[in-house]
Amino acid sequence: MLKLYAMFLTLIFLVQLVSAILGFVFINETKDCFKNNYENALKQYNSTGDYRSNAVDKIQNTLHCCGITDYRDWTDTDYYSENGFPKSCCKLQDCSPQRDADKLFGIYEAYCLSLAITNNPYDIV
């Protein structure tokens, strides 16, 4: 019975070790996958509350960031041309995002891709 328990513990340890090594090896693929999916979500962003838009808002609110590499990523989207930056890019509650980059007083300048990877290294592995 004790040998069976030790065998299961060894098996669990080996599975964790292999998954940690694979996570470390494939970190760049994970980063590229996140970036591509986030780019698609930004392009299809709207304020109607679909699942992609909700995911983008949640990421930007949670990580206190705006855009993939910076807030200028929003300038290529249809939403930006109609409404400016989304509310989830605002630092302040009463912020009203503008399209003019000179007036971006309350916009997060950190970018989400880097924060998502560095803040959650153990979630990726």
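A: A residue counts as buried when its relative accessible area is under 20%. Gln 60, in helix α3, has a relative accessible area of 0% and is therefore buried. The side chain of Gln 60 makes a polar contact of 3.4 Å with the side chain of Tyr 38.

The aromatic residues may be considered next. The model, which is predicted, contains 5 aromatic pairs. In one of them, the ring centres of Tyr 45 and Trp 74 lie 5.0 Å apart and the planes meet at 80°; because planes over 60 degrees apart count as edge-to-face, this pair is edge-to-face. Tyr 45 and Trp 74 come from distant parts of the chain, 29 residues apart. Tyr 45 belongs to the loop between α2 (27-43) and α3 (51-63), whereas Trp 74 belongs to the loop between α3 and α4 (78-83). Tyr 45 has a relative accessible area of 8% and is therefore buried; Trp 74, at 0%, is likewise buried.

Tyr 45 also pairs with Tyr 79: their ring centres are 4.8 Å apart and their planes stand at 85°, so this pair too is edge-to-face. Since Tyr 45 sits in the loop between α2 and α3 and Tyr 79 in helix α4, the pair ties together parts 34 residues apart in sequence. Both Tyr 45 and Tyr 79 are buried. Through these ring pairs, Tyr 45, Trp 74 and Tyr 79 are linked into a cluster.

Notes:
Residues numbered from 1 in each chain as written. Predicted model: local features only at pLDDT ≥ 70, side-chain atom pairs only at ≥ 80, totals over all residues. Heavy atoms only, no water. Phe/Tyr/Trp six-rings, centres within 6.5 Å; stacked < 30°, edge-to-face > 60°. Helix = DSSP H or I, 4+ residues; strand = E, 2+ residues; numbered from the N terminus. Buried < 20%, exposed > 50% of the residue type's maximum accessible area, 1.4 Å probe, protein only. Polar contact = N/O pair within 3.5 Å; in protein donor to acceptor, adjacent residues only side chain to side chain.
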